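Welcome, and please open your viewer.

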Amino acid sequence: MKRILLMGNPNVGKSVFFNRLTGVNVITSNYAGTTVDYTKGYMCLEGEDVELVDVPGTFSLEAKDKAEEVAVKMLDEYNDSVVICVLDASKIERGLYLALEIIEKGHPVVIALNMWDDTMVKNIEVDVAKLASILGVPAVSTVAITGEGLKELVSSIGDASSATIEDIIGRVS
Amino acid sequence: MEKKLSEMDFDEEGTVKEIAEDFRVQIAGMGIRKGKKVKMTTRQPMNGPVVIEIGSANTSVGYALADKVIVDVGD
C-alpha cells in the first residue's frame, strides 16, 4: 500500500490535516509536542487506499528528543513514501529548514503552507508559485482548521516530486 | 558589543555571531543560525529558559544553550 507521511515542525497543524483526511480523531492542541508517537490512518486517493501517517513534529532530522527520534526513524524506514511537509506559513524560514532536509533525503515532497490566514493577519506575503518553482516540488497554501486548500493539497499529492539540493541552489542564485 | 544570549536585556536586539560547535546543528532547525537577527523577549529567573524572537517566530531556549550563543548587540 502506498504510504504518505505528514511531517513538519511542532505545532503547525499536522494532526488537523490527519483528522481531516482520514476521519480518525487524534488529539490536537495549540501546544508544541502534542503528538509524541505516530498515528496511522487510511484515506482514499484516486480510487486507491493509501496509508497516512501522522508523524511527531520535529525541527530537524538530527533528533534531540524521543518524539524527534520517532520522526527521523519513520522517514528512514518508509524511504519510498511521499511526504506532505507542513509548514507554518508565518514562520516559513524555520519550516523550510526541515523541508530541505527531507528533500535532501530524496523523498517525493508536497509543501503545505498552512495557517495561511495567519499570514494575512501578520501581513506576511509568500509567493507560493515562486517557492514551488524554486524547490521543484508542488506547494499549496492551506488553512487546515477550516479546510481551505485541502482539495488542492490532496490533488497535488500525485504530482509530488523529488528534487536535488544542487538544482535548488542553482535556481536560487 | 558582544553578549551571551543569556545575558541580553529585555527587548534587546542583536545579531547572532557565534554558536558553540556542539550546539550548532542542534539549534539550526529552530532558526538560530549565524548572522540572524534576534530579540530577547523574556528571561525566566534562576537560570530558566530564555524566550527569543527570531525569523518572525518565538522560540524558547534552555539556559545552558542560551549561554553558548554569542550575540553582537551593537554599542
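**First stop: a helix of chain A**

Select helix α6 of chain A together with the strands β1 (2-8), β2 (39-45), β4 (82-88), β5 (109-114) and β6 (139-141) of chain A: the buried residues of α6(A) pack against these strands. Contact here means that the C-beta atoms of two residues, placed from the backbone, lie within 7 Å. Helices (H or I, at least four residues) and strands (E, at least two) are DSSP runs, numbered from the N terminus.

This is a predicted model, in which local features need pLDDT of at least 70 and side-chain atom pairs count only at pLDDT 80 or more, while totals for chains, interfaces and linings use all residues. Residues are numbered from 1 along each chain as its sequence is written, and chains are lettered from A and ligands numbered from 1 in the order in which they are written.

Which residues of α6 (residues 150-157) of chain A are buried? Pick A:Leu153, A:Val154 and A:Ile157. A residue is buried if 20 or more other C-beta atoms lie within 10 Å of its own, exposed if 12 or fewer, and partly exposed in between, with C-beta atoms placed from the backbone. These three cover an arc of only 95° around the axis, so they sit on the same side of α6(A); the arc is that of the directions from the helix axis to the C-beta atoms.

**Next stop: where the chains meet**

Now show both chains. The contact takes 10 residues from chain A and nine residues from chain B.

**Last stop: chain B**

Chain B has two helices and six strands, and along the sequence they follow the pattern β-β-α-β-β-β-α-β. Of its 75 residues, 31% count as buried. The C-alpha trace of chain B spans about 25 × 25 × 20 Å along its principal axes.

Colour the strands of chain B. Six strands form an open sheet in the order β1-β6-β2-β3-β4-β5, with antiparallel pairing; two strands pair if DSSP finds at least two bridges between them. At the edges stand β1 (2-4) and β5 (57-61) of chain B, each with a single partner strand, so one side of each has no neighbour in the sheet.

Zoom in on β3 (residues 37-43) and β4 (residues 50-54) of chain B, which run antiparallel and are joined by five bridges. To see a bridge pair, select B:Val38: its partner in β4(B) is B:Ile54.
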